[in-house]
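Here are some notes on the fold and helix packing, for comparison with your own reading. The points follow below the display.

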Amino acid sequence: MKKIEIYTDGACRGNPGPGGWGALLRYGDHQRELFGGEADTTNNRMELTAAIRALQALKEPCEVDLTTDSEYVRKGISEWLPAWKARNWRTSDRKPVKNADLWKLLEQAAAPHLVRWHWVKGHSGHEENELADQLANRGIDSLKELPEGQPE
């Protein structure tokens, strides 16, 4: 099974507002950069999207070390998800889970892989996290390059 390192980040200018996601995938000496953006979103949705898109980019089951600066993503997938599912996508105070659509996609994207979820403090000089942040901001900047009225 291939061992892959993934570093993800999401960004938003305004929350909600225009947002971007970025991911750095590394396999041995090979590196791949992914990014994208949405015109009206939240930071948490972009953090989730970065992890989803990175995992979806893998073409076969892999052993993955996924590093994020989002405790929301790391704790959500590794701690909170089973309870949300047991309560039919409700929080402990019976409110609908925010971003349930993306949590379901993340669970599905992670399923074929052996994923270890790691957290790193954002904007602390961690080289790969800084690169993922730059990619997320490129995702936002790419929105400006679209012709008016064009979906991304």
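1. Helix axes here are lines fitted to C-alpha atoms over the stretch in contact, and angles run from 0 to 180 degrees between N-to-C directions. The model is predicted, and every value below is computed from it.

2. On that basis, α1 and helix α3 (residues 100-110) pack with axes 9 Å apart and an angle of about 25°. Angles under 35 degrees count as roughly parallel, and α1 and α3 therefore fall in that class. The crossing of α1 past α3 is left-handed.

3. Which residues make the contact? From α1 these are R45, L48, T49, A51, I52, L55 and Q56, and from α3 they are D101, L102, W103, L105, L106, A109 and A110. Sorted by class, the contact of α1 with α3 comprises ten nonpolar, two polar and two charged residues.

4. The strands form an open sheet of five, in the order β3-β2-β1-β4-β5, and the pairing is mixed. The edges are β3 (30-41) and β5 (114-119); each has a single partner strand, so one side of each lacks a neighbour in the sheet. From one strand to the next, the twist averages 20°.

Conventions:
Residues are numbered from 1 along each chain as its sequence is written. This is a predicted model: local features need pLDDT of at least 70, side-chain atom pairs count only at pLDDT 80 or more; totals for chains, interfaces and linings use all residues. Side-chain values use heavy atoms; hydrogens and water are left out. Two strands pair if DSSP finds at least two bridges between them. Helices (H or I, at least four residues) and strands (E, at least two) are DSSP runs, numbered from the N terminus. Angles under 35 degrees count as roughly parallel, over 145 as roughly antiparallel, 65 to 115 as roughly perpendicular and the rest as oblique. A crossing is left-handed if the near helix is turned anticlockwise from the far one by less than a right angle, and right-handed if clockwise. Contact means heavy atoms within 4.5 Å. Ala, Val, Leu, Ile, Met, Phe, Trp, Tyr, Cys and Pro count as nonpolar, Asp, Glu, Lys and Arg as charged, and the others, Gly among them, as polar.
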